[in-house]
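Let us walk through this structure step by step. Have the sequence and the model at hand.

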Protein chains: 2
Amino acid sequence: VTTGSIRSVRIVGTGLVGTSLGLALRAAGVDSQLLDSDPDRLSTAVGRGAGRAVTQGDPPPDVVVVCVPPSLTADLVDEQLRAHPGAIVMDVASVKGPIVADLLSRVGVEDLGRFVPSHPMSGREVSGPEGALADLFRDRVWVLTPTEHTAAMSVETAEELLGLVGAVSRTVSPAQHDDAVAVVSHVPQLVSSALAAALADTSDQALDLAGPGLRDTTRIAGSDAGLWVDVVRANAPAVRQGLAAVRANLDRLEEVLATGDDPGPAVRDLLVRGAAGRSRIPGRHGGDDPQYAGVVVQLLDAPGQLAGLFAAVGMADVNVLDVRMEHALGRPTGLIELLVSADQSLALGTALRDAGFDVRS
Amino acid sequence: VTTGSIRSVRIVGTGLVGTSLGLALRAAGVDSQLLDSDPDRLSTAVGRGAGRAVTQGDPPPDVVVVCVPPSLTADLVDEQLRAHPGAIVMDVASVKGPIVADLLSRVGVEDLGRFVPSHPMSGREVSGPEGALADLFRDRVWVLTPTEHTAAMSVETAEELLGLVGAVSRTVSPAQHDDAVAVVSHVPQLVSSALAAALADTSDQALDLAGPGLRDTTRIAGSDAGLWVDVVRANAPAVRQGLAAVRANLDRLEEVLATGDDPGPAVRDLLVRGAAGRSRIPGRHGGDDPQYAGVVVQLLDAPGQLAGLFAAVGMADVNVLDVRMEHALGRPTGLIELLVSADQSLALGTALRDAGFDVRS
C-alpha cells in the first residue's frame, strides 16, 4: 500500500462515524464496503449512499476502519487484521490506551505493523446512521496514535484516508492522546457538569441573574450521559489526574476561605494563572488578543435584523473573525459582538451606525 | 418623591458606572449633577456629556447614586443621606451584605427609609469615564436590594430611575443577592479559572486537540484579577459555600476513581444532574431546546463571507435566534451555527444551499 493507492475501504460498523465515513469516501470516489451485525442499520447506511454491503466476491480492501463501540473494538480489529493481511486496519475509539494495550498483548508483531489506532474528533449530539454527514470530518482534527510497531507506510496510508475525507491529521502516542483528551475534553466536561449540577438547589430568582459567564461555562453540561460513562471508564487514570489538578488549583483558595483570612492573594494567584492557561489555548479568543476588537450592536429580535447587519458589515469590507450573540434577559432583543482587527473596528462601528444600527462600543 | 418625579440626579463618583449613568440620564432629559474627588476624572466625565459639575447653588437632587469602589461606598452613602434629606440614595456595589450591614449599624431608621442598595449587572472589561457608554444599562438587569427599612416609595423611585436608563429591574434582599451572584457569577469564574490554570503544564500538542468545549468553559478565565479580588473578599462566605457545592458534586466521582471501582454510575449521576441544572438557566440554550434547531454552515475566512450568508438568511425570511461561530483548527475556515425554530431549519438549509453555501446539517 503506497500513497495515492486507496481504492476500496471496508467499514465495519455503520453507526454515525462509519456511515459518515462511507458518505465522505463515496463523495471522494472511493469504493466503500459496509459491514454491520445489525441488518437494519446496514440497510439504512446503504440507503443513505454510504456504500454497498460487503459480498463474498469483493476485492480485498486497502483499508479497514473499525467503527464500533469501544468495548467491541479490540476483537474486531484483531479479526480484521487476520482477515485482510494486505490492508491497514484503523479504529476510531475515543480512548486509545486500553484498546492498544489489549491488541499489543494478542496480535503478532508482523500484523501490528498494519494497525493504526485513531480518533476522529468530530462527534455529534446524535448517533446512528441517520445522523451521518458526508462532511463530519472536514476541517476537524483526526488523531492518529501509532504504536511502536505501526509501520511508517501504514501511517501514510491513514493520512491519505484523512485527506480524502478532509480531516486535519495530528499524530501523537496513544498515551499522549489519552492524557490530552482528559485535559482538553473529559475534565472540562466533568467540571462543567459539576458546576451545573450545583444549580439544582438555586432559586429561580437567583438564576434570573445569570449572565453569559454561567451560560458559557455550563454549555457542555447538556451532553449525553451515556457517552461519557464509556469515555471516563476507559480513561479513568488520566481523568483522575486531570480532576486532581483542577481541584489543587481551588485548594488554596478554599483553605483561606475556611480560615477567614484575606482571600485576596489566593484569588489573584488563581485568576492570574487561569488567564495564563487560557491564553495557551490555540485559536481566536475574542477579547483576549489586543490585535482584535469587538464591535457590539444591539439588535431587535425580528426576521432580517441579522441579515441587515451582516449586509452592512459586508459593505464595510472588513473581515469578521468571530461573532457572538448574547440575549438580554426577559427582553426580545439581543446583543451581537463582531470581532474584527483592532484597526478596522472604528471604521466598522461608523459604517454600522451610518446604516442605522445601534452600535454600543 | 413620587413616580414620574425624577428631575435631577446627583452622581457621586464618575468612573465607568457613574459616567455611564450620567450619559444615560442626560439622554433621557434628566439633570445630571456630577461629583468626584478627582478633578481630572470629573472633567473627563463632564467633557463626555455625562452632566455638569455640582455647584453651590444647585437645586436638591431627587436621587443620589453613589458610584464609588466598595470600600468607600458606606461612608459616602451615609454622608449623602445626611446631606440630602429629601433624596433617595442608591449605591452600585457588586456585593451588598457588608455595605448594608455597615449602614444599618450607623444610620438612623428614618434615613434608612431612603436608602436603596442596588447592583447594575452590566460591567465592562474597561474602567474609568473613558469607557462609559450611554446604554451600558439598557436591557441589562439592575438588581435592587432594599433593606427592611427601605420605604416602598423609595423603591418605586429607584425603579423609575432604572426605567429612565432602560435597565431591567429585579428586587431581592441583600443576602439573596449575594448568594445568587456567588452561584451564577463568582463560583463559575473561580471554577473556570481553576480549569484554565490546570492548562499551564499541558503540552502544546495536547492543547492542539482543544475543541469548543474547552474554549467555552474557560472563556471567562481571561477576566481581570483585580476586580475579582475585591468581589471574593466581600462575598467570601457565599463563595465558600458555592465552591463547596461544586466540589461535593465531584467528590463521589473522584472517590470512585481513586479506588479503581467502576466510575460509570458516578459519571452518569453527575452528567444527569448537570444537564438538569443547566436546563434551569433561563434564556436560549442552543441545542438544548427541541423547539430550536441549528443549521451549520462552513464558511471561508474571507471578507464578505458572513455578509453573504446573512443576506441569504434574510431572504429566506426566517428568524435567527442565535448564532455561534467555531473555527476549524489550523485552517483558514470556520463553521457557523444558526439557531432557528425547528420548523424553519429545513427551509433555511435548502435556501442556503441554493445560495451556494456549504450547509452541514
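Where in chain A is A:Arg114 placed? A:Arg114 sits in the loop between helix H5 (109-112) and strand E6 (115-116) of chain A. Helices (H or I, at least four residues) and strands (E, at least two) are DSSP runs, numbered from the N terminus.

Before going on, some ground rules. This is a predicted model, in which local features need pLDDT of at least 70 and side-chain atom pairs count only at pLDDT 80 or more, while totals for chains, interfaces and linings use all residues. Residues are numbered from 1 along each chain as its sequence is written, chains are lettered from A and ligands numbered from 1 in the order in which they are written, and side-chain values use heavy atoms, with hydrogens and water left out.

Back to A:Arg114. Its relative accessible area is 12%, so A:Arg114 is buried. Buried means under 20% relative accessible area, exposed over 50%, and partly exposed in between (1.4 Å probe, protein chains only). The side chain of A:Arg114 reaches the backbone oxygen of A:Ala87 at 2.7 Å. A polar contact of 2.9 Å also joins its side chain to that of A:Asp111. A polar contact is a pair of N or O atoms within 3.5 Å; within protein, one must be able to donate a hydrogen and the other to accept it, and residues adjacent in sequence count only if both atoms are side-chain atoms.

Now turn to chain B. Strand E5 (residues 88-91) of chain B points B:Ile88 and B:Met90 one way. B:Val89 and B:Asp91 point the other way, and all are buried. In a regular strand the side chains alternate between the two faces of the sheet. Strand E4 (residues 63-66) of chain B runs parallel to E5(B), joined by 4 bridges. B:Val63 has B:Ile88 as its bridge partner in E5(B).

In all, 124 residues of chain B are in contact (heavy atoms within 4.5 Å) with 124 residues of chain A. The area buried between them is about 11,000 Å², and carbon and sulfur atoms give 60% of that. Buried area is the accessible area (1.4 Å probe) that two parts lose on being put together, summed over both. The two chains share 14 salt bridges. A salt bridge is a side-chain nitrogen of Lys or Arg within 4 Å of a carboxyl oxygen of Asp or Glu. One of them links B:Asp251 to A:Arg247, with the closest N and O atoms 3.0 Å apart.

Notes:
Pairing = 2+ DSSP bridges.
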